[in-house]
Each structure stands twice: as structure tokens, then as C-alpha cells.
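Work through the exercises below with the sequence and the 3D structure at hand. Try each task before reading its solution.

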Amino acid sequence: MPAKPAVLFVCLGNICRSPLAEAAFRAAADAAGLAATIDSAGTGDWHAGQPPDRRAIATARAHGIDIAGYRARQVCRDDFIRFTHVLAADHDNLAALARIAPLGDGAALSLMLDLVPGRHGEALADPYWGGSEEFAKTWSDVSAVAAALTTLLSAHC
Ligand code: 4NP
């Protein structure tokens, strides 16, 4: 198990929700002085090697964060060894991750919103087929996840 927290955010394409979750948590961890390894990935490989969706880039930019250099990749079994926490955007991704997770004491696997008080079991809605309102909602949700995760991990350091 890695010594410092290592968090992997996972959605389907790794171009909308999980890069925004990665960006929000990088900012929150930085602001709190929390040292953590942070990354994101997709359960699918269709967008591997590509930058985030332009609407996700614009959403992060509106909050002063540049994610244009992020590149999508597909999650793999080794991620459960390299990371302490693997956080899924929704139930489909959670099920796909559970299928590849090694048995035993690898990363803790849960939904991202499980960490937010009052939102246990909720999926992070997919903004891909939506517009800027959906992306703003995604940003609001991943910011709540980032804040809750920062509190949780700071308490353990
Ligand atoms: P993400 O969104 O899983 O939040 O990155 C999607 C990205 C791509 C597709 C669906 C959702 N797609 O169908 O290509």
C-alpha cells in the first residue's frame, strides 16, 4: 500500500467527469497542504490519449484551472495496487471496476459521491450529452467530493 494517499478518479471516457474531479481535488489538496498522488482514468478506451472534452476544459478554466494538458487513459488492474482510493463516477463504472479489482487488500473502491455527507449511493450525472449547465453541475458535485476527500484524508495524516 502506498505511504501517502493516492486517489484515482474513474468515469467512462476520462474526458468529462473524472478529469474535472482530478482538477478539483488537485486544487483542494494543494490549498490544504495535503500531499497526495492524484490521477484519473476511464473504464473505456475510446478516448485514450485524447485531451479532456473542450467543455470540461472550459469549465475548469472558468475556475482558474488549466486541464488542457491532461490525457485520457484506460484504468487497469495495477491501479488497484498503485492507488489507495479508486473512486467511480457512477454505478456502471463501479461495477466495471469491481470486475477488474484484485481480491485482497488493494485500493478502497467506492462511488465518488459516497464521500459527501447525505449523498451516499448517488451517481455523478454524465454531462457528455448535455450543455454548460450540466458541466456546471458536474463541477459543483466534484468540488463537494474534493472538499470531503480533503477533510477525510487530512484527518488521517
Ligand atoms: P465521461 O463522459 O465518462 O464523464 O468522460 C463521457 C465521455 C465520452 C462518452 C460518454 C461519456 N462517449 O460516449 O464517448
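The exercises go from the whole chain to its sheet and then to one helix.

This is a predicted model, in which local features need pLDDT of at least 70, side-chain atom pairs count only at pLDDT 80 or more, and totals for chains, interfaces and linings use all residues. Residues are numbered from 1 along each chain as its sequence is written, and side-chain values use heavy atoms, with hydrogens and water left out.

**Exercise 1.** Check the radius of gyration of the protein chain against that of a compact globule.

Solution. The radius is taken over C-alpha atoms, and the globule rule is 2.2 Å times the number of residues to the power 0.38. For 157 residues the rule gives a value near 15 Å; the protein chain has 14 Å, which agrees. Its C-alpha atoms fill a box of roughly 40 × 35 × 30 Å along the principal axes.

**Exercise 2.** Give the strand order of the open sheet and the sense of its pairing.

Solution. Two strands pair if DSSP finds at least two bridges between them. Strands of a sheet pair through backbone hydrogen bonds, either parallel or antiparallel. Here the four strands have the order β2-β1-β3-β4, with parallel pairing. β2 and β4 (108–111) are the edge strands, each pairing on one side only. Between β1 and β3 (residues 85–88) there are four bridges; in one of them, leucine 8 has valine 86 of β3 as its partner.

**Exercise 3.** Which residues of α1 are buried, and what covers them?

Solution. Buried means under 20% relative accessible area, exposed over 50%, and partly exposed in between (1.4 Å probe, protein chains only). The buried residues of α1 are Arg17, Ser18, Pro19, Leu20, Ala21, Glu22, Ala23, Ala24, Phe25 and Ala29. Their cover includes β1 (6–11), β2 (37–42), α2 (54–62), α4 (91–100) and α5 (132–155).

Notes: Helix = DSSP H or I, 4+ residues; strand = E, 2+ residues; numbered from the N terminus. Contact = heavy atoms within 4.5 Å.
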